[in-house]
Structures are given as structure tokens and as C-alpha cells.
Amino acid sequence: MPPAQLKSAAQTLDSAMSRYKNATFDIYGHSLGSMNGQYAISDTKYPDRIHAAYLYEGPNIHSVLNDKQQRTAETLKNRIFNYIDDKDYIAIGYTNASMVGMLIRIDSKKATGAVEQHMWGGYQFDKSGNIRTATDTKIKLKMAQTDIVMQDQLKALTSLATKLTKSGGHLSASEQIYLESSEVLIIVDGIAKMVESGFSEIIQVCQQAIKETETHWIDTVQRAQDVASHLSYYEVMDALTSGGATKARIVDEPVAYYEEKIAKAEKTKKEYQALVTEIKTGIDAQLSLDKALAKELQL
């Protein structure tokens, strides 16, 4: 049975959404505020108007949700960013369990005390000001956030369609083609950004892995020479080979694997960039056929 405060948070959210019928809502919450946010989002009557949610350091409340609320939470999963510091004793219940939203385990440091740890004291940030997380998590996060932006663009496109037909008439053939092409462009452009962001991360990881692999081989040889200082370099290498520690196995094979991933990522990025360029060219060509429409769209 959910506590009264969670129910109150849900009532407050739905009351505001009922009052401001054309608005979308962003939800933010920390600790108990995260719990309130998780429940309110899952219980809302207007899930299609939840724009995004950013929740921090709250316990997992998924188990107190009923079936309908759990389904709502699952529908909105990629719009709910649930940040967790595993060193925070308050943020509990996420091990091998269902949860509200996308779980984002941060790369945290040890704070000076439990209170500071809970109050974002363990959070670390990269040079761009982004919260540090595992690379695969960062990719998923960027993809989800790009999807939100893409959906915002589609809503703007719908508003444009309304504007073009406000006189009560129907879309001209050129207008219809423009809107359909623009919708495709938004979707493809959004996917291209997600692909480029995701594969850029993968490329960086692979490049770093190559450096670490080469460093590991050098360190392995150096340690072996230090231990067996009475042996020559070639004798040390023979000993390593007999133990299965060869340069081919430690360096060459992994490097070939990572270079293959880098080449594939670069190829995919270029393919999507070419596709977006092709679609933009098609839209421009269509607009050139209808000067009146082009003038309208520049207003």
C-alpha cells in the first residue's frame, strides 16, 4: 500500500495537468522527491504529456505500484532518467529488480560522509559538465534524450500542419509532400544523431582499449624481465610464449577486433549522414516547385 505522501504527489501532478491542458510537464526530484516523482508519473491520467523526468537518489518504489501503474511506468521508461549512486545507502532496491524509468548508475567517488554522499557528493562530471557514467549507459541516455528532442520536433511539425490548414481548406499536394518529407527527415536526422553519438562513444572506447592493450603487453614483458633478470630478453620471450602470453594473443588479436569495430562504426555514421543529405536535397527540390509554399514556411 503506497504511503499517503506518494498519493498526494500524484494528485498534485494530475491537478496541475488538468488545469493546464495544453502543457507538457518535466518532473524533477531528489530522495523522497524521487519517490514522489516515480509514483506520480506511474499514476498519472495523462502519460502522453509527461515530457521527461529526472530523478536522483531515491529508493526503488516499483514494488508498491499496481499493474496499471507499472504498465504506465514501462510506457514512459525512456523519458524517466533515474540516477543512482551505489555508494548512497538511501538509493536502495535496484539490484536485479524492476524499476521506474531508465536506471543510470553513476561513476561515483566516496564522499566524506553518508549525508554528503546522499546529497550528490559522490557525483563526478566530465569536461563538458556531464555526469560520469559507464559508456554503454551514456549511449543509452543520449539516445533516449535525442528521441525526446525528435518527438518535440514532430509536435512542432503538427503545429505547422494546423497553421497551413487554419483557413479550413485542405493541404495542397506540395504541402502534404513537404510535411511527409519533413517528418521523415526529423526521424532520420534523429536516428543519425543517435547513431553518430553512440558510435562516437564506441570508437573512443575502442581506441582507448587499443592503448590499454599495448600498455598491458609492455608491462607484461617488463614484469617478466624484472622477475627473471638472470635470463636474456629472448629467453624471457620464450618463457612467456610457453605460458600462452604472446604478443599476437595479447595485442594483435584484440587490436584487430577493435579496429574492425571502429571501421564499422565509421561506415555506419557516413551512411546515415549521406541519407540525411539525400532527404534534405529532396525536400529542397519539392519546395522549389511551389514558391507560395516556400514563402509561407519562411514566415
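Reply: What follows covers the ring pairs, with some context on the fold.

This is a predicted model, in which local features need pLDDT of at least 70 and side-chain atom pairs count only at pLDDT 80 or more, while totals for chains, interfaces and linings use all residues. Residues are numbered from 1 along each chain as its sequence is written, and side-chain values use heavy atoms, with hydrogens and water left out.

The protein has 9 helices and 4 strands; helices (H or I, at least four residues) and strands (E, at least two) are DSSP runs, numbered from the N terminus. Their order from the N terminus is α-β-α-β-α-β-β-α-α-α-α-α-α. Of the 299 residues, 40% are buried, where buried means under 20% relative accessible area, exposed over 50%, and partly exposed in between (1.4 Å probe, protein chains only).

A pair of aromatic rings is described by the distance of the centres and the angle of the planes. Rings of Phe, Tyr and Trp (its six-membered ring) pair if their centres lie within 6.5 Å; planes under 30 degrees apart count as stacked, over 60 as edge-to-face and the rest as tilted. By this rule the protein has 6 aromatic pairs. One of them is stacked: Tyr-56 and Tyr-83, at 4.9 Å centre to centre with 15 degrees between the planes. Tyr-56 belongs to strand β2 (residues 50–56) and Tyr-83 to strand β3 (residues 80–84), so this pair ties together parts 27 residues apart in sequence. Both tyrosines, Tyr-56 and Tyr-83, are buried.

The pair Tyr-257 and Tyr-258 is edge-to-face, because the ring centres are 5.5 Å apart and the planes stand at 70 degrees. Tyr-257 is partly exposed, with a relative accessible area of 44%. Tyr-258 is also partly exposed, at 24%.

Ring pairs also join Tyr-28, Tyr-54 and Phe-81 into a cluster.

A ring can carry a charge as well: the charged end of Arg-49 sits over the ring of Tyr-46, 5.2 Å from its centre. The criterion is NZ of Lys or CZ of Arg within 6 Å of the ring centre and within 35 degrees of the ring normal.

As for contacts (heavy atoms within 4.5 Å), consider those between residues at least 6 apart in sequence: 72% of them join residues at least 24 apart. In helix α4 (residues 114–121), Gln-117, His-118 and Gly-121 are buried, and the buried residues of α4 pack against β1 (25–30).
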